[in-house]
Every structure is written in C-alpha cells, then in structure tokens.
Amino acid sequence: MTRDPNEIIERRACISGVGQSDVGRRLGRDPLELTLDACLAAIEHAGLTRADIDGVSTYPGPTGPPPGFSGAGAYQVIDALRLDCNWYDSGLETSGQLGSVIKACLAVAAGLANHVVCFRSVWEGSAQGDKGRAAVMPGGGEGGAFKASGYMEWFLPFSAPSAAVWIAMYAQAHFARYGTTKEQLGWVALNARRNAQLNPKAIYRDPMTMDDYLSSRVISTPFSLYDCDAPCDGATAVVVSRVDRARDLRNPPLRVEAVGTALHDRTSWDQPRDLTQMANRDAGKMLWTRTDLKPSDVQLAELYDGFSFITLSWLESLGFCGLGESGPFVEGGHRIARDGELPLNTNGGQLSGGRLHGYGFLHEAAVQMWGQAGDRQVAGPPEVAVVAAGGGNTCGCLLLTRDR
Amino acid sequence: MAETGVPFRVLPRLDDRNRAFWTGGAQGELRFWRCQACGYYVHPPQPICPECLSKDLAVEAVSGRATLATYTVNHQPWMPGPELPYVVGIVEIVEQPSVRLMTNIVNCPHDELEIGMPLRVVFEHHEDPDGDVYLPLFEPDGDR
C-alpha cells in the first residue's frame, strides 16, 4: 500500500456493539418493534445508552414494494427512541446493505457523529404468508393493469421478476466457463446448514446431506431450493463508533481496517460486461488497495449468500482464490468449516440462518471476534475478519480487526 | 387482453423513450436508439450517447440476430405467465454485443440450450388498451 494510512479514514471508525431481535420464519410481529429491539440491544451491548447515540443509518429506508423488504426507516427509529441526531441517512442506491454501515463509518470519521446505530429490518416471511414468493412479486396479482417501469421494465415482461433468475444466469455462465458444478454450489449450502445447527436463531437447523440438497426442487437452473436464502422476519443492528470514543466501552473496538465500495460496471443486472462476475469484483479489489493486510491474514469470512453462487463469487472477488477457482475451493467443505483454514458463514448465513439481508454477516463476525458466539465459536477468537454483502450491482465489504 | 394462446405477461409502461423498442415488432423489426454521431446503439434508452455524449439519437432497426450469453430454465411460479418450466436468457445482438436483452428463449429443447448459440428474434404480440406491445423473444437461428 503506497497511500498515507491517514487517508484511510474508515480506520477512525469501529464496531462497538451489535444486537438482534427475535428471528423467525413468520413472527407476525410489528416490524418496527423488531427494529427497536435490535437497536436497543446493540446500544446496550456497546455499553451505551440512547442518549449517547447521535447518528442513525439504515438500508434501504422506506420503500415501496415488495412488502416485507423494509421493516422501518430511519425517521421512525429516530422518533420512536427520541434520538438527538447530528447525522442520519438511509437509501437503496449504495454499496449493498453494508453500504449503510460504511456511510456511518465515514460520518463518525468526519466528526459528524460519535455513535451511529445502523440497522436492517425485514419481515419478508410474514409478508409472503403461506403463498410463497409469488405473493410479493410485482404485478402478478393485478392482471393487465399493472405496467412495468424502471429497471424492472426489462425483466418483468419476460417473467423474470426475481434475483433468483438473474443470479442463476450468472451461475450458469460461471459453470460454462470454469466447469463449476452443482455439487460445488452445494458445499456452500451444506456448510451453512452445518453451522446453523449451532445457531439457536437459525431458520433451518435440521441436518442436510448432499443428497438432500441435490434432490430439492428446482427453482431456476442451476439453483434449487437450498441455493436460495430463507425469507424471514428479524432485525439486526450494529453501533458504529469513533474509535477515540470507544476505547473504554464494554467490548474491544472492532476497527474498520478497510472498506470496498466500488462499482465499475453497468448498473442493470443484465448488462455487466462479464456475466460470470458482479460488482463485488470491484468492491473486493478496492478493499485490498486500502490495507497492507492480505487475504491470507483473514481468519474468518462472512460472505453474503442470498444465493449460494454469490458466496463463491465473493471468494473470488476478495482474492481467497483465483477467478473460476471458487468451486474447487469449497469442495468437500473442509477448508470453509469452523475448524478449517477459512471458517465461512459460521451462523448458517442466509441460506439456513435466514435472510436478514447483509447485516447478519456483520453481526456474526462481531460476536465471533469478541468470543461471544457460544457453541459455534471458532478458535482464536479471530482477530481479522472480512464481511461482505450484496450481489449484482449492489456490493460492499469491510475488513475488521480486533484491538487486543 | 392478450390474444388466445398468448400467456399472461406484465407489460412495460410505454413512453416516448421506449416505445420504438416495444412496438417495432408490429413491422417485424427489432429497433434500438442509435447515436448518429458515432454509431453506438444505446440500450436501455437514455437521452445521450454514453460513448460520445452526442444527443443526436435516432431509432434504427437491427437484423434481429443475436447470441445466447447465458440462460436459466425457470421452474418457479413467480407470477402468472408462460407454462412451466420456461427459459430466461440474456442475449447479445450481433451488431453490438454490448447491447444485451433479457428475454425468453423459445422453440428450443432445453437440452439443446448452449451459451454462444445463434438466435433470431420472434415477436409475441400483446393487445393492450394502453397500446399493443410486441415482446422480442428469441429462438434458435438454424440458418447460421
């Protein structure tokens, strides 16, 4: 790294606490209540009170459809907790779900706030009810009156409303170019399930074999059911603090060593110049330009698995293996096991843990680095972890280091 | 309502920018906006050429020939529509492969799908009170 470390201003930020609401398939609870549960838990976990919180950040903020995608906006939380904010932000057009955390890091680094509570809240399980994904897909229930516009104009007329279909096509291109196999995808899912068995909040905790995986119903080739994350209800929060305000708090600061936020490609999911890659290529590459640490220094990887293929893609994008080598990298599941050389998605990810949408990975990295992960705690505890979230055109990542 | 035998589709909301693309099938033509200064096909439509920044854009027809860039055989009933399973693909037009279309691949046995295969456009006509739409679908191009 040739750059002045003082320019890497995300290092002035740290994670000081994390919290999570109840998590379940269909809790039927007020999503704002779940959100507040998570925020208050994170604030307490950091050793702070709500009077200390002077910033709020969330992804995506208030949105239209699909129902369940956003459980609360920043304004709702600020008002419900009567927070005095010096800085707040929400938005969908950012570097993945963790873009909201990265923005909070920049805010505290810039002195706009000292302690920012960041959250992601979903209630997709309850929104879908017993009708499955079709219940939340745009237009299907409204006959011919509904017309597609925006980027969905190019997808909906071809009955391709879901990221499952779009990402399946990236996976298919990766299969064709590199010889990646269905069984290799399966090791991402099996590893997640193995870890979820030790996570009391996980949605799917029953043991799963490769035969179970391979025989599950097809969604969109090469994806079958267990390649797709499990919609759920739940909220996750983290407190981002300025390091000089966090030294005497309850947990040792988890420093933000570097972030990756880049997008060097077309923004529509059907237009990237290389259909075997996504924006995580750019975010992952950027991250390593901001640190002297190397992929080989990483002791824990929490990598987004909205679909199994996305985890493979992050492994390549972050340089844990070469392009096209992620399938062999995970094959057999030993390297990525909790006692392997790169423990991966140690809480069951979203495939088995539930689709908490990005923040679950950061929560898990934090509790692992603090030695608070209970039955699923990995050795160490880890001092260097990478957390990555998002796929397609919306990807971001953080490298965390623990102060001793 | 769609004509008999045509599956339900969520149709695009037509406007002055996208109408040429979605209605060109009435004349059997796949049409794009093209920069008249540098020749670049601009898709999805936007008011300026991303290559040379010229605003001198005009609608032109292309051959309708394309190459299959990737695909998936979808089995999940996301919404009413084609009979399951159906094929969603991304195709690249031969005139400028950077112009990609998400579409359905039709008239092709699923075990004959292959990335790189030559395709040609076929239009699926949908009558609609807001204006008829012709969805560009693609089928194997046996002539190439």
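What covers the buried residues of α5(A)? The cover includes β6, β7 (223-224), α9 (308-317) and β11 (384-391) of chain A, together with β5 (65-74) and β6 (86-93) of chain B. The views below belong to a predicted model, in which local features need pLDDT of at least 70, side-chain atom pairs count only at pLDDT 80 or more, and totals for chains, interfaces and linings use all residues. Residues are numbered from 1 along each chain as its sequence is written, and chains are lettered from A and ligands numbered from 1 in the order in which they are written.

**View 1. Helix α5 of chain A and its surroundings.** Helices (H or I, at least four residues) and strands (E, at least two) are DSSP runs, numbered from the N terminus. α5(A) has 16 residues and reaches 22 Å from its first C-alpha to its last, close to the 22 Å expected at 1.5 Å a residue; the expected span is 1.5 Å times one less than the number of residues. Twelve of the 16 residues are buried, so the helix is largely enclosed by the rest of the structure. A residue is buried if 20 or more other C-beta atoms lie within 10 Å of its own, exposed if 12 or fewer, and partly exposed in between, with C-beta atoms placed from the backbone. Among the buried residues are A:Trp166, A:Met169, A:Tyr170, A:His174 and A:Phe175. Just after the helix, A:Gly179 takes a positive phi of about 80°.

**View 2. The side of chain A that touches chain B.** The contact takes 35 residues from chain A and 33 residues from chain B; two residues are in contact if their C-beta atoms, placed from the backbone, lie within 7 Å. On the chain A side, β5 (147-148), α5 (163-178) and β6 (218-220) each give two or more residues. The largest share, seven residues, comes from α5(A). This side divides into 20 nonpolar, eleven polar and four charged residues, where Ala, Val, Leu, Ile, Met, Phe, Trp, Tyr, Cys and Pro count as nonpolar, Asp, Glu, Lys and Arg as charged, and the others, Gly among them, as polar. The predictor gives the complex an ipTM of 0.96 and a pTM of 0.97.

**View 3. Strand pairing between the chains.** β5(A) and strand β1 (residues 11-12) of chain B run parallel and are joined by two bridges; strands pair if DSSP finds at least two bridges between them. A:Lys147 stands opposite B:Leu11.

**View 4. Strand β1 of chain A.** Eight of the eight residues of β1(A) (residues 13-20) are buried, so the strand is largely enclosed by the rest of the structure. Seven bridges join it to the antiparallel strand β8 (residues 233-242) of chain A, where A:Ile15 stands opposite A:Val240. β1(A) also pairs in the antiparallel sense with β9 (residues 254-260) of chain A over two bridges, with A:Cys14 opposite A:Arg255.

**View 5. An open sheet in chain B.** Three strands lie in the order β3-β2-β4 (chain B), with antiparallel pairing. β3 (41-42) and β4 (57-62) of chain B stand at the edges, each with a single partner strand, so one side of each is left without a neighbour in the sheet. Six bridges join β2 (residues 30-35) of chain B to β4(B), and B:Arg31 has B:Ala61 as its bridge partner.
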